Amino acid sequence: MSALATISSCATTACAYNDGACKAGAITVGGSEGSASCGTFVTLDVRGGTNSGSAQVGACQRLECAHNTDLMCTAEAITVSADTALCEMYSAR
Ligand code: SF4
């Protein structure tokens, strides 16, 4: 595996890391089987993160996803959506 998956868009605007786009350096995707979601999602009265470039998927706990190898995401990019920050690229094998 070479590069980390990038987050090409995130529509979860309630997240403190969402400031027009995901501004976290890297996220961890977790959730449960059948429903992969961003574990970095948090609602706070601030907006934070970094402007150093595209946020990436630093780790993914959804081992059953077709894009997951060794608990890492092998997709080129993912999109995140909905109030619960779902990973739209999730595909159970
Ligand atoms: S596409 Fe699959 S492996 Fe990649 S972050 Fe989403 S759930 Fe994890």
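**Figure 1. Order of elements along the protein chain.** In this predicted model, the elements of the protein chain run β-β-β-β-β-β-β-β from the N terminus on. The count is 8 strands and 0 helices. The radius of gyration is 12 Å, close to the 12 Å that the globule rule gives for 93 residues, so the protein chain is as compact as a globular protein of that length. Along the principal axes, the C-alpha atoms fill a box of roughly 35 × 25 × 15 Å.

**Figure 2. Burial and contacts in the protein chain.** Of the 93 residues, 33% are buried. Among contacts with a separation of 6 or more, 69% join residues 24 or more positions apart.

**Figure 3. The largest nonpolar core.** This core has 24 residues, and Val80 and Cys87 have the most contacts inside it. Two or more residues each come from strand S1 (6-10), strand S2 (26-32), strand S3 (35-38), strand S4 (56-60), strand S7 (77-81) and strand S8 (86-87).

**Figure 4. Surroundings of Cys87.** Leaving aside residues up to four places away in sequence, Cys87 touches Val29, Ala36, Ser37, Cys38, Ile78 and Val80. Val80 and Cys87 are the two residues named for the most contacts inside the largest nonpolar core.

**Figure 5. Residues around the ligand.** The ligand has 15 residues around it, of which Cys60, Cys65, Cys73, Cys87 and Met89 come nearest. By class, this shell comprises 12 nonpolar, 2 polar and 1 charged residues.

How values were computed
Residues are numbered from 1 along each chain as its sequence is written. This is a predicted model: local features need pLDDT of at least 70, side-chain atom pairs count only at pLDDT 80 or more; totals for chains, interfaces and linings use all residues. A residue is near a molecule or strand if its C-beta atom, placed from the backbone, lies within 6 Å of it. Ala, Val, Leu, Ile, Met, Phe, Trp, Tyr, Cys and Pro count as nonpolar, Asp, Glu, Lys and Arg as charged, and the others, Gly among them, as polar. A nonpolar core is a set of buried Ala, Val, Leu, Ile, Met, Phe, Trp, Tyr and Cys residues joined through C-beta atoms within 7 Å. A residue is buried if 20 or more other C-beta atoms lie within 10 Å of its own, exposed if 12 or fewer, and partly exposed in between; C-beta atoms are placed from the backbone. Helices (H or I, at least four residues) and strands (E, at least two) are DSSP runs, numbered from the N terminus. Two residues are in contact if their C-beta atoms, placed from the backbone, lie within 7 Å. The radius of gyration is taken over C-alpha atoms; the globule rule is 2.2 Å times the number of residues to the power 0.38.
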